[in-house]
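Dear colleague,

Please find the structure below, handed over for your use. My notes on it follow directly after.

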Amino acid sequence: MRKRTFLLAAALLASGPAPLALAAPATAATAKYADDFNGDGYRDLALGDRTATVAGKKEAGAVVVVWGTAHGPDPAKRSVITQNTPYIAGTAETNDFFGAKVTPADMNKDGYGDLVVTAPGEDDGAYRGTFTILWGSRSGLSEGTSFRSPGCKDCGFAKDVAVGDFTADGKPDVVAITDDHVYVVRGPFTKSGSHGTATNLDPIDGEDIKPDLVVSGKVTKDGTADFAVLGYDSDTWTNRAWFYRGRPGGPTAPPRKIGLVGTGGLTNTSATIADFDKDGYGDLAVGLPDAGKGGTVRVYKGTSQGPSTSGTSFTQNTAGVPGTSESGDSFGFDVSAGDTDGDGYADLAVGAPDEVIGDHLFRAGAVTVLRGGRHALSGANAHQYDTGTPGVEGDPGDENDAWLGASVLLRDFNRDGRAELVASAWEIGRLHLLPGTASGPTGTGSILFTPQSLGLGSRHSFGAVLPD
């Protein structure tokens, strides 16, 4: 799963049609695809917009779902969900930021994917920050249950979340970070609002962790989900990742410590966990767009104890990687993993929204796909995509086609075994989908989604929040 932190601009959303009712899955088992919310066998595309104005409430937030088909997400079939939507917990209020993060998972194992949506600005006067589970069903995401902090008050609960079975009991759990805490909230989660016990796993070795993001995945070979928290250690004045290993009974502290690049904060840092060399261990890839001259991606190889404590760096100066590292490129602004060419190895998409293409003046942005393989992730056969790529709509010399790669996602929507590349330029409200092929993503046959094509009116930050 992948994760990213960022800042957003204001936006406006209109309501949309509900999805068509479909037959229920044949058996009540975990959904095959965590993002198949209506059980039709096709992945759906969820987009979060924490900046959406709802009923006059600025930055109340919303979620847009573009429903999947055999040909991928269909712009003619979309839904908009807010805290004012019937049967969704809460009320849309100014600065709730509903939709700040969206994470697909089958939380009740009924065969339908559900969506965990954060609202870090939600405030009831005592508790600040919630996450809401939008429950999947044959008619789509039809109900929503809100969960607040299990302990701390006014602490910015659900600043970020990650989902996985961290306790090896077969029930999905949620890790929710605050400005100072790391909570593991155990499942099972129910539509009535109940859940299992919650534990605060702050490091206990004297470090003062300031979490920025959390990412989950299977790193060790024990089959249990693990997670890593990235943030700033104000005691040592360094950026760091803390790795928590899942196990029966749940993760325990102290976590494994991993040093990261730089001594400043981790604004706009991104991360994902994937097995790039198919050795059975998940690798931790961290995008550090402010590191070095033009940004860096560091990959920490998975081991039986967790990610290695020293990583391999990739920049635009790495052999085989297109381009050249230049000041302000923001290489690593967002990252996402998936098999783009069907060879069985996970690849890594890396966004660089401030990349200048050719001799143009504007920072049009680009996405680079690094290939996984038997000898791990490398720059060999890497490929860059931008609005100058044949078939991709836009012009790298036009300031209205800027900031491609601010958010990226690799996901196989049409079930052909090759992940499509979704890349947004949310500063201008554009979302591109590039088909996967045997040689990787291609601009040929790419699709451009805009607020207008989805009937959403004018939106500035369209596509800013893509799923984990």
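Predicted model: local features only at pLDDT ≥ 70, side-chain atom pairs only at ≥ 80, totals over all residues.

R148 places its charged end over the ring of Y127, at 3.8 Å from the ring centre.

Aromatic pairs

The count of aromatic pairs comes to nine. In one of them, the ring centres of F166 and F227 are 5.2 Å apart and the planes meet at 70 degrees; the pair is therefore edge-to-face, as the angle is over 60 degrees. This pair links distant parts of the chain, its members being 61 residues apart. F166 belongs to the loop between strand 11 (160-164) and strand 12 (173-177), whereas F227 lies in strand 16 (residues 226-233). F166 has a relative accessible area of 0% and is therefore buried, the limit being under 20%. F227 is likewise buried, with a relative accessible area of 0%.

F333 and W403 also form an edge-to-face pair, with 5.4 Å from centre to centre and 65 degrees between the planes.

Strand 28, which spans residues 378-385, contains Q384. Is this residue, Q384, buried or exposed? Its relative accessible area is 17%, and because buried means under 20%, Q384 counts as buried. The side chain of Q384 makes a polar contact with the side chain of D386, at 3.3 Å.

Leaving aside residues up to four places away in sequence, Q384 touches Q316, P322, E355, I357, A366, V367, T368 and T389. As for G351, which is 33 residues from Q384 along the chain, the C-alpha atoms of the two residues are separated by 9.7 Å.

With kind regards

Key:
Residues numbered from 1 in each chain as written. Heavy atoms only, no water. Helix = DSSP H or I, 4+ residues; strand = E, 2+ residues; numbered from the N terminus. Buried < 20%, exposed > 50% of the residue type's maximum accessible area, 1.4 Å probe, protein only. Polar contact = N/O pair within 3.5 Å; in protein donor to acceptor, adjacent residues only side chain to side chain. Contact = heavy atoms within 4.5 Å. Phe/Tyr/Trp six-rings, centres within 6.5 Å; stacked < 30°, edge-to-face > 60°. Lys NZ or Arg CZ within 6 Å of the ring centre and 35° of its normal.
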